[in-house]
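Q: I'd like to learn how to read ring pairs and a ligand site in a model. Could you walk me through them?

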Amino acid sequence: MTVTTTGDLPDEVYDVAIIGAGVVGTAIARELARYRLRIALVEASDDVGNGTSKANTAILHTGFDATPGTLEARLVREGYQRLTAYAAETGIPLEPLGALLVAWDGEQLAALPSLAEKAVRNGYHETAVLGTEAVYAREPHLGPGALGALEVPGESVICPWTTTLAYATQAVRAGVALHLNCPAGAITTGVDHHEIATPRGVLRTRHLVNAAGLYSDEINRRLGHEEFTVTPRRGQLIVFDKFARGLVDHILLPVPTALGKGVLVAPTVYGNVLLGPTAEDLDDKTATGSSAGGLASLREKGARILPELLEEEVTAVYAGLRAATEHGDFQIRADPGRRYVAVGGIRSTGLTASMAIAAHVAQLLVDCGLDPGPEREIESVRMPTIGEAFPRPYQRADLIAADPAYGTVVCHCERVTRGEIRDALTATVPPASLDGLRRRTRALAGRCQGFFCGAAVRAQFEAATAAQDRTEARR
Amino acid sequence: MTPTDRTHRTVDVLVVGAGPAGLAVAARLAAAGVDRVEVLDREQRAGGIPRHCDHTGFGLRDLRRVMTGPDYARHHIAAAIRAGAVLRTGVTATGWAAPRTVDVTGPTGLERITATAVVLATGARERPRSARLVPGTRPAGVFTTGQLQQAVHVHHQSVGRRAVIVGAERVSYSAVATLRRAGAEVAAMVTDQPRHQTHPARHLGTRLRHGVPLVTGATVAELTGRVRLESVRLRHRDGRTAAIGCDTVVFTGDWIPDHELARSAGIALDPGTRGPATDAEFRTGEPGVFAVGNLLHPVETADIAALDGRFAAAPVLRHLTGVPWTPGPLPVRVEAPLLWISPNRLTPDGPRPPHGRFTLRTERFLTRPVLTVSQDGRTLHRGRLPHTAAPNRPFHLPADWIAGADAHGGPVRITAD
Ligand SMILES: Cc1cc2nc3c(=O)[nH]c(=O)nc-3n(C[C@H](O)[C@H](O)[C@H](O)COP(=O)(O)OP(=O)(O)OC[C@H]3O[C@@H](n4cnc5c(N)ncnc54)[C@H](O)[C@@H]3O)c2cc1C
Ligand SMILES: Cc1cc2nc3c(=O)[nH]c(=O)nc-3n(C[C@H](O)[C@H](O)[C@H](O)COP(=O)(O)OP(=O)(O)OC[C@H]3O[C@@H](n4cnc5c(N)ncnc54)[C@H](O)[C@@H]3O)c2cc1C
């Protein structure tokens with residue numbers, strides 16, 4: 001198993017290198033790991049899933065409202081099926097809550113039947129149009145004035161962090177080399193391999209996959225392609241306290257208008273409630289801050305949808321950047337001459353589509369001349385339970401009896417135990433920061449944001465990383 | 001063992017929270033001869049917040065002497081154990097299986113504890129940056145005072161070099177002291193109020209001795225910095241903004257009770273304090289469940305919390321003898337600019353609250369306000385406060401008027417003008 005964070009890259013020629021370890025890049029790595037190939041996954045930051053993949057609305061979409069006939073529509077539909085099955089196998093938190101697209105005016109109400117019909121064209125047949133009464137029966141806390149809704153029972157909520165981590169973990173265990181802190185720079189393409197400059201030396205690979213998210217257009221240009229330009233579209237979100245969870249039981253989607261998908265209210269698999277996202281076109285690919293205006297507009301919209309939500313405490317505020325392009329579809333393109341596949345413009349459905357994108361990319365690589373050889377069984381993974389739908393370690397007498405560390409709660413708001421933090425710190429892909437630890441365990445992610453446990457969690461983290469440094473120094 | 005096996009036990013009194021309030025009530029009850037008084041705390045050590053307040057100023061009102069927070073915590077732990085209470089740390093109350101039956105998790109496993117009386121003493125915390133909706137990036141270097149104190153005093157961790165403190169109340173000055181101890185410079189204290197809200201001597205000492213400037217009438221508009229905090233942008237009352245360079249910011253005060261257990265029992269909360277609504281005898285709306293300390297009044301000093309515990313012992317004892325549960329029928333409500341009052345339910349012919357007075361908070365400075373108590377349009381009391389009421393500081397309303405309230409009437413209202 002290889003995960004490197006410092007030092008020179010190994011001197012070898014990989015069969016495939018993937019740039020970018022977001023949910024898409026890790027899914028591709030996992031897919032290719034099912035063949036006997038030498039694979040490198042290189043990531044600029046110190047952790048997997050540190051870009052757009054850590055900051056989304058965490059919904060597993062059925063694809064009912066995609067534009068029929070697009071690549072995105074197909075990959076979202078397939079990705080939904082694949083990821084649902086994979087979540088059950090690996091323990092990725094997933095809750096099939098169903099969505100309601102709530103109509104607040106006559107125009108929106110009138111749009112529902114055509115949305116139902118569009119769903120059918122996307123191969124989704126389970127929608128139903130509900131009248132006012134049925135809507136309030138399902139969601140009694142909804143604000144006044146809802147006229148009806150389209151019910152989409154398959155829409156689900158999922159944990160984006162565990163998803164990315166499961167892909168990465170399984171890939172690494174199956175032999176993929178994950179190189180973190182390794183931004184890909186200049187690329188020279190030769191007759192039989194690419195040479196990619198990185199601060200940690202040259203990476204050599206026969207085939208190259210560009211899954212660099214917001215930066216996929218820049219990498220693409222280095223290979224001589226100009227097909228798309230990424231414009232970051234910011235989405236700000238507010239996470240409400242777990243006490244808000246009782247207010248809502250479905251994903252409450254707005255009826256899409258000309259202005260885009262709009263603001264939703266949705267439970268999370270951790271038992272919070274999300275409000276967001278905004279949609280703001282920016283030109284800075286690092287602008288993941290929140291703004292006073294953005295938060296105010298979210299609160300205004302939330303007050304209409306679920307008035308009582310605003311009475312609850314706010315646990316967190318964050319923002320993510322969608323990799324929007326000038327095109328209406330994913331920009332997945334192969335250049336067989338250069339043994340290169342670009343995976344760009346994975347805008348607002350990439351989490352859902354990730355496994356289907358990976359399968360599609362694997363096929364494109366074959367078209368580029370990659371001979372994957374026979375498929376093999378790879379070891380399945382089982383991820384820690386950080387969702388609320390199944391018992392967490394602090395609730396399990398059997399686990400605590402076997403190891404009392406699972407009975408020692410360190411982070412009180414999220415009830416994360418010493419044992420879970422220890423396990424995360426020694427996992428196949430360990431966190432490099434407290435933020436990474438938070439995404440793996442939920443420690444520090446609760447309502448007190450560290451008032452009670454911040455120092456204790458940091459102490460356990462620093463003790464573990466110091467111990468690892470000592471071991472590495474000895475090697 | 002199945003995944004959900006729990007041991008079941010019964011005690012007379014279960015106290016959740018081993019801070020000053022919980023320890024004080026447990027000590028009193030055990031000393032009064034109650035057999036099985038058990039105190040749980042989810043932290044590895046008992047003592048509550050004072051454990052990590054490594055400075056002096058604790059104990060004046062309850063012990064009539066002054067000591068440091070850690071010494072004060074040790075004093076109350078020893079007193080509770082000496083009296084015969086059972087103290088268990090590293091044990092978290094996670095929820096309710098039935099009224100007065102609490103589920104707990106600890107390293108020895110899962111338990112279900114049924115008690116004749118449950119006393120909630122779970123304290124309060126400061127609202128973090130996110131709950132205050134402060135926009136900007138999410139860099140490292142953002143603290144609350146509680147986290148800062150534990151980092152510096154308990155874990156001896158490094159904090160930043162240059163800090164801004166948001167707030168100018170009592171606890172904000174504790175944060176200054178902690179930062180200085182950690183070797184950090186305090187660039188400024190910032191308050192949205194026109195003046196600081198601590199004792200003048202404390203403020204002057206901080207300002208003169210340590211040269212900490214106080215910025216008044218300003219709010220935090222934005223945090224900047226990618227990995228580590230780089231600056232705090234302030235918005236002044238007149239709309240001007242200015243940035244202060246710093247690598248650390250401490251959000252102090254702005255309290256919220258840790259009411260998770262109370263709320264998950266379905267216990268009615270007071271809309272002002274956000275803690276359980278309680279009467280002069282610390283009774284909540286749930287039979288047999290009492291609440292004491294900062295859970296009721298976010299936030300008072302530790303000695304006040306401990307005194308709550310002492311006062312609550314008598315009503316708990318009465319409950320143990322089988323006196324029926326009739327919590328105060330009348331809600332007491334405040335109107336803006338008042339924020340909250342505690343206790344916030346009353347019985348006209350019942351006992352007065354401790355010290356014969358209510359405790360209140362205001363959201364802005366009020367110069368010698370007139371406090372009016374009324375019920376259904378009838379004035380029960382009207383009196384001028386002999387001093388200025390300051391935000392983030394307690395002031396009091398005498399309780400002599402409660403006998404005049406109508407037990408069958410509407411809520412009692414308190415206004416200030
Ligand atoms: C607000 C918001 C809400 C969303 N909601 C949903 C949703 O509900 N459901 C859903 O399915 N999808 C949703 N999405 C979309 C989804 O999050 C994205 O499509 C997905 O995360 C994209 O993954 P990625 O791997 O392509 O990109 P990223 O996660 O950004 O990964 C790209 C990686 O490449 C790395 N990188 C970049 N340049 C280099 C380089 N030169 N060298 C090495 N590494 C490099 C980056 O550091 C990054 O880690 C949402 C997105 C946003 C912003
Ligand atoms: C940062 C800070 C500085 C302060 N400085 C001063 C000062 O200088 N002087 C002063 O007099 N006062 C000070 N105070 C106030 C003082 O600390 C409090 O008034 C006092 O601690 C309140 O006592 P308490 O028992 O109500 O709550 P706490 O001391 O907060 O104790 C509550 C206890 O309940 C436990 N608990 C909560 N939920 C559960 C659960 N579900 N299961 C098990 N256990 C649980 C907690 O672990 C905690 O130990 C300060 C407070 C803070 C936060």
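This is a predicted model: local features need pLDDT of at least 70, side-chain atom pairs count only at pLDDT 80 or more; totals for chains, interfaces and linings use all residues.

**Ring pairs and the ligand site**

Q: How are the planes of Trp161(A) and Tyr270(A) arranged, stacked or edge-to-face?

A: Planes under 30 degrees apart count as stacked. Here the angle is 15°, with 5.3 Å centre to centre, and the pair of Trp161(A) and Tyr270(A) is stacked. Trp161(A) sits in helix H5 of chain A and Tyr270(A) in the loop between strands E16 and E17, 109 residues apart.

Q: What about Phe358(B) and Trp401(B)?

A: Their planes meet at 15° with ring centres 5.4 Å apart, so this pair is stacked too. Phe358(B) belongs to strand E23 of chain B and Trp401(B) to the loop between strands E26 and E27, so the pair ties together parts 43 residues apart in sequence. Both Phe358(B) and Trp401(B) are buried.

Q: Now the ligand: which residues come nearest to ligand 1?

A: Of the 38 residues around ligand 1, those are Glu43(A), Ser53(A), Thr57(A), Ile59(A) and Thr352(A). By class, the shell has 20 nonpolar, 15 polar and three charged residues.

Q: Why does ligand 1 lie between domain 1 and domain 2 of chain A?

A: Both domains give residues to its shell, so ligand 1 lies between them.

Key
Residues are numbered from 1 along each chain as its sequence is written. Chains are lettered from A and ligands numbered from 1 in the order in which they are written. Side-chain values use heavy atoms; hydrogens and water are left out. A residue is near a molecule or strand if one of its heavy atoms lies within 4 Å of it. Ala, Val, Leu, Ile, Met, Phe, Trp, Tyr, Cys and Pro count as nonpolar, Asp, Glu, Lys and Arg as charged, and the others, Gly among them, as polar. Domain bounds come from an automatic or database domain assignment. Rings of Phe, Tyr and Trp (its six-membered ring) pair if their centres lie within 6.5 Å; planes under 30 degrees apart count as stacked, over 60 as edge-to-face and the rest as tilted. Helices (H or I, at least four residues) and strands (E, at least two) are DSSP runs, numbered from the N terminus. Buried means under 20% relative accessible area, exposed over 50%, partly exposed in between (1.4 Å probe, protein chains only).
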